[in-house]
Amino acid sequence: QVQLVESGGGLVQPGGSLRLSCAPSGSIFSINTMGWYRQAPGKERELVATFTTSGSTVYADSVKGRFSISRDNAKNTVFLQMNSLKPEDTAVYYCNAVGGSSHYGFKVYWGQGTQVTVSS
């Protein structure tokens, strides 16, 4: 069973930076989208940033101008550079990917989550 493996979370002071990484543990057939979600205590999981099927990027309004998503296509790895972090960015961050096709079917993959805590 292929899983997404995240790394890079931790504790950082307000205004600081962190870089998250995500890579699959095995091969995923035809990745359509790949990106990051987050879930804060007592809140629903929300999109942070993602690559779409066309290769463009989508960001949540709350992180625009502060976060940047990038990828290494050769390794199917996606990164999230988080700058100017705020306490409200505190959450568990999850990597997400959708692989497959309309012919073979689609499958959604999630990572186990990595904790990001922004606090002084």
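## Largest pocket

By class, four nonpolar, eight polar and two charged residues make up the lining of the largest pocket. Here Ala, Val, Leu, Ile, Met, Phe, Trp, Tyr, Cys and Pro count as nonpolar, Asp, Glu, Lys and Arg as charged, and the others, Gly among them, as polar. The structure is a predicted model, in which local features need pLDDT of at least 70, side-chain atom pairs count only at pLDDT 80 or more, and totals for chains, interfaces and linings use all residues. Residues are numbered from 1 along each chain as its sequence is written, and side-chain values use heavy atoms, with hydrogens and water left out.

The largest pocket holds about 170 Å³ of space. I31, M34, R71, N73 and N76 are the closest to its centre among the 14 lining residues. A pocket is an open set of points on a 1 Å grid over the protein atoms alone where a 1.4 Å probe fits, with protein on both sides within 12 Å along at least five of seven lines; lining residues have an atom within 4 Å of a point. The volume is the space filled by probe spheres set on the points. At least two lining residues come from each of β4 (31-39), β7 (67-72) and β8 (77-82), and β4 supplies the largest share, four residues. Strands are DSSP runs (E, at least two residues), numbered from the N terminus.

## Nonpolar core

The largest nonpolar core has 27 residues, of which W36, L80, M82 and Y93 touch the most other members. Such a core is a set of buried Ala, Val, Leu, Ile, Met, Phe, Trp, Tyr and Cys residues joined through side-chain atoms within 4.5 Å. β9 (91-101) is among the strands that each supply at least two residues of this core, and β9 gives the most, with four.

L80 is in contact (heavy atoms within 4.5 Å) with residues including L20, W36, V48, F67, I69 and Y93, not counting those up to four places away in sequence.

## Aromatic pairs

There are three aromatic pairs, taken as Phe, Tyr and Trp rings (the six-membered ring for Trp) with centres within 6.5 Å; planes under 30 degrees apart count as stacked, over 60 as edge-to-face and the rest as tilted. F29 and Y104 are edge-to-face, because their ring centres lie 5.7 Å apart with the planes at 85 degrees. Y104 is exposed, at 65% relative accessibility; the classes are buried under 20%, exposed over 50% and partly exposed in between (1.4 Å probe, protein chains only).

Y94 and W110 are also edge-to-face, at 6.5 Å between centres and 90 degrees between planes. Y94 is buried at 14%, and W110 is partly exposed at 34%. Ring pairs join Y37, Y94 and W110 into a cluster.
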